[in-house]
Amino acid sequence: MATKSPMHDPKLDPMIDPRTGEYAVIAPGHNFKSVTQKIAGIVLTSNTPLGWFGGLMVAGGIATLLVVALTWLFLKGVGIWGVTIPGAWGFAIINFVWWIGIGHAGTLISAILLLFKQSWRNSINRFAEAMTIFAVVCAGIFPLIHVGRPWVSYWLFPYPNTMNLWPQFRSPLAWDVFAVSTYATISIVFWYLGMVPDFGTMRDRAVMPVAKYVYGILSLGWRGSTRHWIRYETASLLLAGLSTPLVLSVHTVISFDFAVAAMAGWHTTIFPPYFVAGAIYSGFAMVITLAVPIRKFYHLEDLVTLRHLDNMAKVMLGTGCIVGYGYAMEVFMSWYAASHWEFFMMWNRMFGPMGWAYWMLILTNLAIPLTTLWSRKLRVNALFLFMLSFVINIGMWFERFVIVVTSLYRDYLPGSWGTYRATKWDYMTFIGTWGLFTFLFLLFVRFLPMIPMSEIRMMLPQTKIRRGGEDAEKVIQETV
Amino acid sequence: MPPREGIYGLLAEFNTPGELVHATEQAHQAGYRRMECYTPYPVEEAAAALRFHKTRVPLLCLLGGIIGLITAFLMQTWISVWSYPLNIAGRPLFSWPAFIIPAYEWTILFAGLSTAFGMFALNGLPQLYHPLFNAPNFRNGATTDKFFLCLEAHDPRFSIIEARSFLERFAPISVVEVKH
């Protein structure tokens, strides 16, 4: 752009209120009714866009790969995968960590940004939470199928049984069960709780009897009573306060799977913060991957504005820098620790037979994003962010690949060295989960309100009340 | 329980939150106590006008968290020390630092579930039928863009004629009788 960007000129920028100078999150000209109609209309239309059916078919087709791969797995066992000794952890763990990391941004947006009163997050929190749940669904598949005998995976939970068998609580893998199941439960509860008032709106606006009935049941009879709202808001805030330590703990516990093991490249104290930052980094990338096409396709540019994209890009820049610091510290400590094994592991990671994966990670996770995201012009360029989000998620996948594979395949004893090569079943399972994720997400945007209507209403200027009960907006208009 | 026949209350509809808060404040000063506001989003000023400040949701959250913490920690201790003792690389059976992590997770799990379910229980939800849904204009507005004040019939000060003329002073869009 040759001309000055309008982003910062208060006279030109329609997002800046000329009377108050406040930066609006939602484009001007909306009222309670228009935002409700816009968001509810996406779901309550009888006119489903053809593109949605096309997308659902493609996603469903890809998801069948998962069904095929899992069927074959259940028939033959984990021998169809590329995991062997020494590379006993492969795609299953990589994909598990990758997916669950993606989910973290949803909780961050819904919980931490709520506590920090970042009201801009109201537009994106619903679908970010949906993304969390679907990512956890995809993530949860992997440990279950990785246990070898998935039909007895319920043994992971502590329940009284006739075998007198209990989990072993000194193992990080048992901690994982608690962390991930709690995370899934609380995420679903928080997501549903957030939707209850909107289900009330859907119930009251639906025309089709089936829709009225289903949304009526889901709304639990919500009627917007003020006493209900106050308890509801308190509960939301408490759940946000609970989700914040939860989301930080989940990826911490997952990093313990590695950090507790006495394995060069895993046994480091930097893993918990660096895993959490990486999770948020990849999660925000996934939110952008979803938000950019959705706002375009459903014409939601007024509600998911360039400011949202700009803010999300800034979060990615910040967490990307933390991740970069993590990589640098890993390299530094492998030298500073003066451990032969650590030093060899890092040398092998960079210049060994799988060194290309390390440099791929540096390129996609650090070199491309951390050079471009400093530019505001690029941060408000939806197409650029959309492409960058893919680059970052590829990078984050390679990060987990590098951590899992390059630490394992050449360990302490050269006699036991091997290599790791994923099989077509590994790839089919992984690609199948993308299909499953997209499939679930498409169902979500069609049948549930993807932007929280009640929270969007709260961000409109009409909500402001002056002391004594005058409407601020009316007073301003009368004086003008 | 109030009797479930006759009228439930008088429902006034307003266009803006400010009008609603003003009317609610005046109604409270006029001595009405059994009343409720219905809004499409939380209006804290309306709660203040209703003199509704404290909820027991945080208490339930705290209790749930304490129960979860104790349950998880005692369960792990009992399993690892008495029920199913395993020698894991010579570590003590009572490895309490390791038990903190599942206990931490269950603290959050129990606190979160008791907050969510407790909130719904305190609100009396799910309650799929409510007299207000009979009001012709309620469902069109209360969850979209209108603001309602309902003076309930079981308020001792309530009389249908007085209450109607009281509400009409605030120039609402409409005042309707709500039947049970």
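Which residues have the most contacts inside the largest nonpolar core? In this predicted model, they are Ile100(A), Met131(A), Ala135(A), Val287(A), Phe148(B), Leu149(B) and Cys150(B).

## The nonpolar core

The largest nonpolar core comprises 175 residues. Helix H3 (residues 91-115) of chain A makes the greatest contribution to this core, supplying 16 residues. Residues of the core also come from both domain 1 (7-54 + 132-179) and domain 2 (57-122) of chain B, so the core lies between these two domains.

The surroundings of Ala135(A) can be given residue by residue. When neighbours within four places in sequence are left aside, Ala135(A) is in contact with Trp99(A), Ile100(A), Ile102(A), Gly103(A) and Phe437(A). Of these partners, Ile100(A) is itself listed among the residues with the most contacts inside the core.

## Elements and domains of chain B

Chain B contains 6 helices and 4 strands. Read from the N terminus, its elements follow the order β-α-β-α-α-α-α-β-α-β.

Two domains are assigned in chain B: domain 1, made of segments 7-54 and 132-179, and domain 2, covering 57-122. The C-alpha centres of domain 1 of chain B and domain 2 of chain B are separated by 45 Å.

## Overall dimensions of chain B

The radius of gyration of chain B is 25 Å, whereas a compact globule of 180 residues would have a value near 16 Å. Along the principal axes, the C-alpha atoms of chain B occupy a box of roughly 80 × 30 × 30 Å.

Among the 180 residues of chain B, 47% count as buried. For contacts in chain B with a sequence separation of 6 or more, 80% are between residues 24 or more positions apart.

## The interface with chain A

On the chain B side, 63 residues are in contact with 55 residues of chain A. Several elements of chain B each supply at least two residues to the side that touches chain A: helix H1 (17-29), strand S2 (35-38), helix H2 (44-49), helix H3 (57-83), helix H4 (96-122) and helix H5 (138-141). The most is given by H4(B), with 17 residues.

In composition, the side of chain B that touches chain A divides into 39 nonpolar, 17 polar and 7 charged residues.

How values were computed:
Residues are numbered from 1 along each chain as its sequence is written. Chains are lettered from A and ligands numbered from 1 in the order in which they are written. This is a predicted model: local features need pLDDT of at least 70, side-chain atom pairs count only at pLDDT 80 or more; totals for chains, interfaces and linings use all residues. The radius of gyration is taken over C-alpha atoms; the globule rule is 2.2 Å times the number of residues to the power 0.38. A residue is buried if 20 or more other C-beta atoms lie within 10 Å of its own, exposed if 12 or fewer, and partly exposed in between; C-beta atoms are placed from the backbone. Two residues are in contact if their C-beta atoms, placed from the backbone, lie within 7 Å. Ala, Val, Leu, Ile, Met, Phe, Trp, Tyr, Cys and Pro count as nonpolar, Asp, Glu, Lys and Arg as charged, and the others, Gly among them, as polar. Domain bounds come from an automatic or database domain assignment. A nonpolar core is a set of buried Ala, Val, Leu, Ile, Met, Phe, Trp, Tyr and Cys residues joined through C-beta atoms within 7 Å.
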